[in-house]
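Dear colleague,

I am handing over the structure below, and I would be grateful if you could look through it alongside the notes that follow.

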Amino acid sequence: MFLKNLKKSIKISIALTIGSFGTLMLAPTAKSEYWQAHECFYDYDANYNLVEVCLDGYNIGIFWDDGSYVNGYCTSRSDYNVDYYGLSKRDAISWVDYYC
């Protein structure tokens with residue numbers, strides 16, 4: 001009985017471990033390190049969290065320490081094409097609209 005429960009526990013542990021690796025591998029990787037230093041500056045969000053904002057005249061990237069980000073393009077249209085993680089699409093577009 002003990003051995004049977006041990007095997008079951010091991011199988012569950014392996015499944016959980018593999019599942020967490022899959023999540024890590026699928027997590028988005030957006031970083032400000034891909035921008036040049038002169039394109040970036042720091043600001044604060046409404047909750048006083050430090051935010052790094054990067055602009056090159058056409059592209060925009062906004063990055064938080066918790067891994068949240070917004071990447072997109074500054075265009076004259078109000079329906080910005082943005083990639084975002086850790087916040088709503090509405091908030092992501094709001095950030096792009098504010099800085100563009």
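The largest pocket is lined by Asp 45, Ala 46, Asn 49, Trp 64, Asp 66, Ser 68, Gly 86, Leu 87, Asp 91, Ser 94, Trp 95 and Tyr 98. This is a predicted model, in which local features need pLDDT of at least 70 and side-chain atom pairs count only at pLDDT 80 or more, while totals for chains, interfaces and linings use all residues. Residues are numbered from 1 along each chain as its sequence is written, and side-chain values use heavy atoms, with hydrogens and water left out.

A pocket here is an open set of points, on a 1 Å grid over the protein atoms alone, where a 1.4 Å probe fits and protein lies on both sides within 12 Å along at least five of seven lines, and its lining residues have an atom within 4 Å of a point. The largest pocket holds about 210 Å³ of space, a volume being the space filled by probe spheres set on the points, which are joined across faces, edges and corners. Helix H2 gives the largest share of this lining, with four residues; helices (H or I, at least four residues) and strands (E, at least two) are DSSP runs numbered from the N terminus. By class, the lining has five nonpolar, four polar and three charged residues, where Ala, Val, Leu, Ile, Met, Phe, Trp, Tyr, Cys and Pro count as nonpolar, Asp, Glu, Lys and Arg as charged, and the others, Gly among them, as polar.

The other topic is the disulfides, each being a pair of cysteine sulfur atoms within 2.5 Å, and by this rule there are two. In one of them, the sulfur atoms of Cys 40 and Cys 54 lie 2.1 Å apart, and the link is right-handed, with 105° about the S-S bond. This pair links distant parts of the chain, with Cys 40 in strand S1 (residues 40–44) and Cys 54 in strand S2 (residues 50–55), 14 residues apart. Cys 40 counts as buried because its relative accessibility is 18%, and Cys 54 is likewise buried, at 0%; buried means under 20% relative accessible area, exposed over 50% and partly exposed in between (1.4 Å probe, protein chains only).

Cys 74 is joined to Cys 100 with an S to S distance of 1.8 Å, and this link is left-handed, with -60° about the S-S bond. Here too distant parts of the chain are linked, 26 residues apart, since Cys 74 sits in the loop between strands S4 (69–73) and S5 (82–85) and Cys 100 in the segment after helix H2 (89–99). Cys 74 is buried at 17% relative accessibility, whereas Cys 100, at 41%, is partly exposed.

With kind regards
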